[in-house]
Amino acid sequence: MVASLLRMAGLDWPVPDYSTLCRRQKSLSVQIPYRRAEGPLNRLVDSTGIKFPGDGEWQARKHGAQGRRQWRKIHQAMDPATSDIRAVKFTPSRDGDSPVLPDLLDQIPDDEPIGTVTADGAYDTRRCHAAIIERQATAIIPIRKNGRPWKEDGPPAEARNDILRATRHFGRAFWKRWTGYHLRSRIEAKMRCLKAFGERIAARDPDRQIAEVHIRIALMNRFSALGTAEIVRVA
């Protein structure tokens with residue numbers, strides 16, 4: 001079918017077969033396009049799990065599932081001004097969220113200022129706050145309900161304790177509205193867009209899985225560049 005389409009287009013191109021594409025996918029470097037908004041970058045950070053091929057349905061029904069379900073984690077950072085994914089990290093399921101945040105920040109060029117970093121309570125760690133302060137950004141990370149003040153031995157601990165004092169004085173609900181924390185729901189919606197391409201990834205090799213995830217994100221950013229809906233509150 002592909003060969004016939006190329007002949008109709010008047011192109012004398014060879015058509016690779018499936019095995020050739022699989023071999024190339026392992027070493028494929030995907031350039032994720034993005035649009036750079038004016039002013040400091042406000043980042044929304046979150047992660048989600050995605051499955052990859054394991055036992056088939058027939059085998060699972062006949063012999064039972066073999067071990068635990070296989071899945072990976074996709075960590076993303078989004079720019080709410082353009083709805084583009086600006087940073088992505090693909091990790092095994094056993095890896096936590098907070099250790100990945102410094103890597104996501106490093107993917108942003110040094111000459112691009114970062115205004116805020118919005119994430120959930122899983123990122124309330126010293127490593128995350130230190131990485132955010134290093135980029136001269138402001139953390140919008142809610143403190144866990146059993147959170148305690150840190151020893152103020154540096155700017156990261158001081159910034160984190162300011163959040164703790166504000167949430168205790170004004171309440172968590174008011175603090176979230178005041179800081180715009182609820183904007184983080186946009187990246188959760190972006191995760192659902194990612195899974196619209198499929199609830200699982202087709203590749204089995206880790207390098208091919210990374211390339212497949214990057215291709216999905218590149219397509220998502222292309223779709224965002226074509227246009228997004230404008231939502232206006234009427235009541």
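Predicted model: local features only at pLDDT ≥ 70, side-chain atom pairs only at ≥ 80, totals over all residues.
**View 1. Helix α9 and its length.** Helix α9 runs through residues 206-226, and at 1.5 Å a residue its 21 residues should span 30 Å, which agrees with the 31 Å that separates its end C-alpha atoms.

**View 2. The two ends of α9.** At the start of the helix, a side-chain oxygen of Asp205 comes to within 3.0 Å of the backbone nitrogen of Asp207. Just after the helix, Gly227 adopts a positive phi of about 145°.

**View 3. The buried residues of α9 and what covers them.** The buried residues of this helix are Gln209, Ala211, Glu212, Val213, Arg216, Ile217, Ala218, Met220, Asn221 and Ser224. An α-helix has 3.6 residues a turn, so residues three or four places apart point the same way. The cover over the buried residues of α9 includes the helices α2 (18-26) and α8 (185-195), together with the strands β1 (41-51), β2 (71-79) and β3 (84-92).

**View 4. The largest pocket.** The largest pocket has a volume of about 380 Å³, and of the 14 residues that line it, Ser83, Arg186, Lys190, Cys193 and Thr228 are the closest to its centre. By residue type, the lining divides into eight nonpolar, three polar and three charged residues.

**View 5. Helices in the pocket lining.** Helices α8 and α9 each supply at least two residues of the lining of the largest pocket, and the largest share, four residues, comes from α8. Helix α8 is also among the elements that cover the buried residues of α9.

Conventions: Residues numbered from 1 in each chain as written. Heavy atoms only, no water. Expected span 1.5 Å × (residues − 1). Buried < 20%, exposed > 50% of the residue type's maximum accessible area, 1.4 Å probe, protein only. Contact = heavy atoms within 4.5 Å. Polar contact = N/O pair within 3.5 Å; in protein donor to acceptor, adjacent residues only side chain to side chain. 1 Å grid on protein atoms, 1.4 Å probe; cavity = no way out; pocket = protein on both sides within 12 Å on 5 of 7 lines; lining within 4 Å. Points joined across faces, edges and corners; volume = space filled by probe spheres on them. Nonpolar A, V, L, I, M, F, W, Y, C, P; charged D, E, K, R; others polar.
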